[in-house]
Amino acid sequence: MVLGEMMCFFGEFVEQIYGGFAWKAIKDKAGMDRDVAFALGCTSNDSLIAQLADATCAYTHTSHDELMRKFGQHFVRVAECEGYGELLMSLGRNLTEFLVSLSSLHLNMAMAAQSGIMLDFYVRNVTPMSLELHYFSKRPGFKNMLFGIIEKVATEYFKVDVSFRLLHGCEDGSGTPEVWQAIFPQQDAIDQGVVSVPEWSKAYVPEPQLLQKLFPFHALLDRDLRIVQCGASLQRVLTSHATAEMPFNLVDHVSCHLSLTPPTTPWDWQHLKDADGDAVVLVTKEGLDLKGAFHCTTLPNGDAGLLFVCSPVVSSLAEFRKYSLYMSDIASHDLCGDLTAMAERFHIEAENIAAVEKQQADADAHSQRLQHNLKMVLSERAGRACFDTSTPAAMAIKLCDMLLSNQQVDMSCVLRLRDAVTHSADMHRPTDLAGQLRGAVGDDNKDVAASLMNMLNSGGAKFQGMETDDTDAESDEHYVYSGMRSRRVSACSSSVVQNSVAAGSDNSALKSAAAVHTPTYSERRPTDGAAGVADVLAGAGKPSAPRDAARRSSLVELAMTSHTSSISDEQSPTGGLGGVLNGMEQRLAVRQRASKMSSGAPRGSHPATKSLSEKVLVLMRPPSDPVLRVLEKIDNWQFDSFELDAVTNGQPLSTLAFTIMKRLRLVPGRYRISEVRLARFLCAIEEGYLDNPYHSRVHAADVLRSVYVILTRGQVARRCWTKGHEDQGLLSAILAAVVHDFAHRGVNNDFLVKTADSLAMLYNDQSPMEHHHLSASFRIMASDDSFAFLQHVPSKMMMTLRKQVIDAVLGTDMKQHFNMLSMFNTKMGEFMCSGAGQPPVNWSALDLDDEQRSLVLQVTLKVADLGHLTSSRAVHREWVRRLQEEMFRQGDAERAANLPVSPLMDRSKDGITKSQPGFFKVVVMPLFTAFKNVFPQCTPLHEAAQANMQMWQAES
């Protein structure tokens, strides 16, 4: 209850009266960013509470007097809650006795809080209806807190009202106490302490030896305040601490050995005489407090004197030893020794209890952490996704969690896990995917379920109920692996495509069939007639170096020819449509593409009228104002890559990648990247993107932009890499985004596998298109020094970078979707939010290993690859329209080759717009939900995807 401790309750008082928001604002206004409770261990607590009081008055427009009175009343309630109610009630029979005792009690408490500025108040001139309250404090205005305490006690304990009137102020700061008159209704008769004394006892004077025994701590002072007599114990204390410069003599002035506390009462005879019976504290030179009172008396020679009777204030045996005291120095009737022994016993017991409680608290906290981790993090994984992605691996982990938390395990769960492991080729692929897809999209949408199944399932098996109307029981005959019949079908369809294109037919099916090839780089690249600076930028070294130029061209062509030299038709076991996509078909498609471009290119495509050198020159120049206006938007969560394609004249990917690399200070950066080599590589990669409706250079730029905003504004780079080591992760992610669909043919992997394409044969049907993107890109980088912008990257770092790029691009194969999502939920589960709106366990940096960082890059690219799902409605619809057209073209090619048309690829029926609600529910939202649970700053992407999903659901 020391006033210095009151500030611990000030925050609670402000929050209760004005609210928590006001308390935070008041602390900020007072310049305190920590909780007030910390001030208990600080000095000058009173100055801190004064700052808070001033800030509260300014914020709430309340007068200082009113605020402190309310705080005083609040403090009485706090004291009662803390268990001091009985103590307050026992201080006196009425308000006067209460205030007299409160002054003495406050003096005791103040000695325990040396950091506070002591408050001095005492009672004088008591009458039945008033008294004088002499108050002194260096804290201006704090008297109102005392008045609030008195008002609360008077009304609650003694049922009287009290008012205050100023009799004497101390505005001059002279140190003279303020004198206030407290006025209240007449109370019961006040005992003035006058008792009846028998006549025979008036002449009694105790013997000196008896006086020493009764009061071993006493001092008798004359009118000059010299010590004329001193108790034996007090004399030993004063003598033991005397020095050669200041020896102890009985005739010394009392101020030579003792100081008076509170300091407001001077060493003056009249003042001390007027304070007869008031509690005071004298302090020795060594700091020992002596609490007692001065009493008027008569010296043996008949002169007036003052008798000071006191007890030492010690709270432990350690203080006894500090001041050279022993229990024998204390009178038997003095409670000081008993209280010290009790305090010591309580101290020992408190230490033992605290140790036991700490052990118990540590054990409870450890148990709670385990329970929290098991229940809130691990067991909530199934509730994060809107589609059941249960896998055998997840089932096994859940079973382990149940065992760890001592839960009873149902044997049926064990049997289900056994069956799942037995019948699953991949522990990270959902069980009964076909049944889940049917349940997600409904029984009336078998074609939608079949399309999703073809996209997500890598097992190649048939599932009951997944056949569409266009698939007959003999459909297996249409696959190249069925033997010579397939070869005959492919050869027939090949001739149909060639003849139709050569004749200039407008049949869209035949045009699409011819468009699914990869023309050679030399066929697409015009003759470079530039000289001088252009030749230097082109990397020719010397203008007259035809052999070097031819070597570069052949190497680039090698990377772009889909490995046709690796497997010839004679080596191929079936030939099939793989042959259609080689040789003559490539040249026919080039003519078809040129014809299409001359008749008016669609949005997002531009005639290839510039050479590589000219494009590099454009990239090296400062961007034009229209380009700059579009580039200013790349930090927004939503972006229109078609607009960037328009203002850059068909160079959206190279322009954006070059800008991002420079903005992130990767050029030249720690790896000394050459701007010229980087520009040549980016332009060469961009040139290798075909003008597909969807998988084009515009799509690559859109994915790159999404990767950039996720890494930067989504804070993925900052949280996954330590400061100064982000370059490798940023470089890997940017390079992966740039090349992730390089030389895409506009058909899916299933088409390549069904037609025994050379890519499918080369990569054993395992993500042939993704492998081709990577292989062709790295071949270009290695084909000539002019493309080697990473030549200064250390070999070990380059191996890591290459592995990360490969893993990220291979992860874009949708057949790896559930595998990757399961791995992400498993390996990043500890960093996921514990619930809706709750921050993750580690909000800032994540303690990840290399495998986890690589997984984050893979999922980042995968989320970015679906980035158009978070675009504005208009931009998102345009991307869906383009994807649908590309899928229709594949369906046209399948029909022209007498192959079964894949679900949702039949131009005469509904396309992928019909499957959008199911695609969002099954694929998109579980992925985006898991990602934003680890990286909450990416929540806007999740919200935008959810908005587009609701749009499709409303239209379905």
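Okay, let's start with charges: searching the whole structure turns up 27 salt bridges. Keep in mind that this is a predicted model.

First pair, K152 and E156. Their side chains meet in a salt bridge at 3.2 Å, N to O. Both residues sit in helix α7, which runs over residues 143-157, and they are four residues apart, about one turn of the helix. What about exposure? K152 is buried, with a relative accessible area of 19%. That's just a matter of the cut-off, because buried means under 20%. E156, at 29% relative accessibility, counts as partly exposed.

Next, R226. Its partner is D224, and the closest N and O atoms are 3.8 Å apart. The cut-off for a salt bridge is within 4 Å, so this pair counts. R226 is partly exposed, at 37% relative accessibility.

Then there's K633 with E643, another salt bridge, with 3.4 Å between the closest N and O atoms. Where do these two sit? K633 is in the loop between α26 (625-631) and α27 (641-647), while E643 is in helix α27 itself, so the pair ties together parts that are 10 residues apart in sequence. Both ends count as partly exposed: K633 has 33% relative accessibility, and E643 has 30%.

And some bridges share partners: E885, R889, D892 and R907 are joined into one network that way.

Now the aspartate I promised, D702. You'll find D702 in helix α30, residues 697-711. D702 is buried but has no salt bridge. Leaving out residues up to four places away in sequence, D702 touches F639, S641, G867, H868 and W879.

Which elements give two or more residues to the lining? Those are α30 and α38 (850-865). Helix α30, the one with D702, supplies the largest share, five residues.

That's it from me.

Technical notes:
Residues numbered from 1 in each chain as written. Predicted model: local features only at pLDDT ≥ 70, side-chain atom pairs only at ≥ 80, totals over all residues. Heavy atoms only, no water. Buried < 20%, exposed > 50% of the residue type's maximum accessible area, 1.4 Å probe, protein only. Lys, Arg positive; Asp, Glu negative; His and termini not counted. Contact = heavy atoms within 4.5 Å.
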